[in-house]
Amino acid sequence: GTAAMVPWGVRYAASAMMAVRHINQRDSSLVPQAAQLLPADFKLVVDMQDSMGLQSRAVNHAVRWNSQEQHAIVGSYRSAVTGPLSLAASIESTPVITYASTASALSDSGTYPTLSRTVINDAVLADSTIRSVAAMGFTRMSVVYVNDAWGRGYVQDATESAREVGVDIVVSARYELGDQVEMEDAIVRVAQSGARIILCIAFAVDLALLSSIADRHGLLNSGYAWMLPSMLDMNAVITTSAEPEKTLERLTGWLTASINALHGELGRNFQDTLQNEPRQHLSRTSLMSDEVLDSAIAGGECDMYCGTIYDAVWTAAIAIGKVGVAADGSV
């Protein structure tokens with residue numbers, strides 16, 4: 001996860017802690033009848049840690065949790081982290097439930113036998129994105145992507161779908177997470193391709209800088225269309241950037257292809273419930289203070305991953321209860 005670093009990560013962590021309280025108090029207000037699936041004496045105990053998006057930290061936590069006989073692990077956010085985390089956890093056959101890792105490769109049950117997820121995989125999203133490009137009559141596009149398990153997997157899925165519908169991906173330009181020099185090189189390659197439709201497979205932390213570089217190379221002018229593969233907290237991207245007004249201007253009009261169950265009345269109910277959640281309960285972890293929580297929760301709306309991490313914690317609790325773990329289940 002990224003709870004200690006960015007506002008949207010704090011909201012994910014808070015959503016997970018809200019799920020813990022709802023489970024232990026048998027509050028089914030957001031997931032009707034789910035509490036009936038828990039044993040009467042069941043209580044969920046949580047040890048929340050931040051991987052900071054690093055494989056080594058996630059694996060170290062998994063090894064420690066293996067020695068403590070944890071019953072389930074929820075996480076991580078990045079596909080590149082969830083894979084190694086799941087492999088480490090599988091040593092003790094500990095189930096891992098990811099709420100945001102969408103790389104199609106993680107669906108390989110032979111490699112990741114104890115991994116499941118509450119979020120749809122990239123094959124579906126990539127296909128819908130490419131088909132929307134084709135439906136608009138375009139036959140050429142470029143891709144700029146972060147060079148990790150998620151980015152590489154998404155490009156592979158998009159390439160397969162593009163081949164099926166007759167869309168030519170003329171350039172796939174990669175960069176390393178947070179590397180400004182490589183971002184510059186990738187954007188230059190995209191600019192030289194001549195394609196007017198650009199799919200940007202990037203994490204929110206890189207988006208302000210990528211859009212600035214793209215603007216400098218004329219790729220945000222009239223006639224270009226940028227697409228994102230997942231729902232990102234644009235408000236947080238804008239407010240945390242060095243140039244909020246310019247970033248807002250640059251990102252206005254970017255299209256997003258995503259599947260979000262947390263919308264409409266359900267989304268409003270979830271947001272209101274999290275806003276009213278007792279801060280003392282949410283901050284019962286070294287990752288968050290009341291001030292950090294208030295700023296993050298009040299400063300932006302809950303996105304789809306707030307819902308999927310909430311679901312993941314409930315899923316873990318129900319699974320632990322079903323296999324007959326005595327009174328205290330750990331996650």
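This is a predicted model: local features need pLDDT of at least 70, side-chain atom pairs count only at pLDDT 80 or more; totals for chains, interfaces and linings use all residues.
Me: Why is Glu69 called exposed?
Reply: Its relative accessible area is 64%. Exposed means over 50%. Glu69 is therefore exposed. The residue sits in the loop between α2 (55-67) and β2 (73-74).

Me: Why is Ile120 called partly exposed?
Reply: Ile120 has a relative accessible area of 32%. Buried means under 20%, exposed over 50%, and partly exposed lies in between. So Ile120 is partly exposed. Ile120 lies in the loop between β4 (115-117) and α4.

Me: What makes Ile120 part of a nonpolar patch?
Reply: Patch residues need over 30% relative accessible area and no salt bridge. At 32%, Ile120 passes the area cut-off. Ile120 forms the patch with Val124 and Ile259, and together they have about 210 Å² of accessible area.

Me: What makes Arg64 and Asp47 a salt bridge?
Reply: Their closest N and O atoms are 3.1 Å apart. The cut-off is within 4 Å, so the pair counts as a salt bridge. Arg64 is in helix α2, and Asp47 is in the loop between β1 (43-45) and α2, 17 residues apart. Arg64, at 29% relative accessible area, is partly exposed. So is Asp47, at 24%.

Me: How do you know that Arg78 and Asp148 form a salt bridge?
Reply: The N to O distance is 2.9 Å. The limit is 4 Å, so this pair qualifies.

Me: Why does the pair tie together parts that are apart in sequence?
Reply: Arg78 lies in the loop between β2 and α3 (79-90), and Asp148 in the loop between β5 and α5 (149-165), so the pair ties together parts 70 residues apart in sequence. Arg78 and Asp148 are both buried.

Me: Why does Arg131 with Glu164 count as a salt bridge?
Reply: The closest N and O atoms are 3.3 Å apart. That is within 4 Å, so the pair counts. Arg131 lies in helix α4 and Glu164 in helix α5, so the pair ties together parts 33 residues apart in sequence. Salt bridges that share partners join Asp127, Arg131 and Glu164 into one network.

Me: Which label does Glu164 get, buried or exposed?
Reply: Glu164 has 58% relative accessibility. The cut-off for exposed is over 50%. So Glu164 counts as exposed. Arg131, at 38%, is partly exposed.

Me: What makes β7 and β8 a pair of strands?
Reply: Pairing takes at least two bridges. Three bridges join β7 (residues 197-201) to β8 (residues 225-228), so the strands pair. They run parallel. Ile198 stands opposite Trp226 in β8.

Note on methods. Residues are numbered from 1 along each chain as its sequence is written. Side-chain values use heavy atoms; hydrogens and water are left out. Helices (H or I, at least four residues) and strands (E, at least two) are DSSP runs, numbered from the N terminus. Patches are made of residues with over 30% relative accessible area and no salt bridge: like charges are joined within 9 Å, nonpolar side chains (Val, Leu, Ile, Met, Phe, Trp, Tyr) within 5 Å. Accessible areas come from the Shrake-Rupley method with a 1.4 Å probe; for residues, only the protein chains shown count as cover. A salt bridge is a side-chain nitrogen of Lys or Arg within 4 Å of a carboxyl oxygen of Asp or Glu. Buried means under 20% relative accessible area, exposed over 50%, partly exposed in between (1.4 Å probe, protein chains only).
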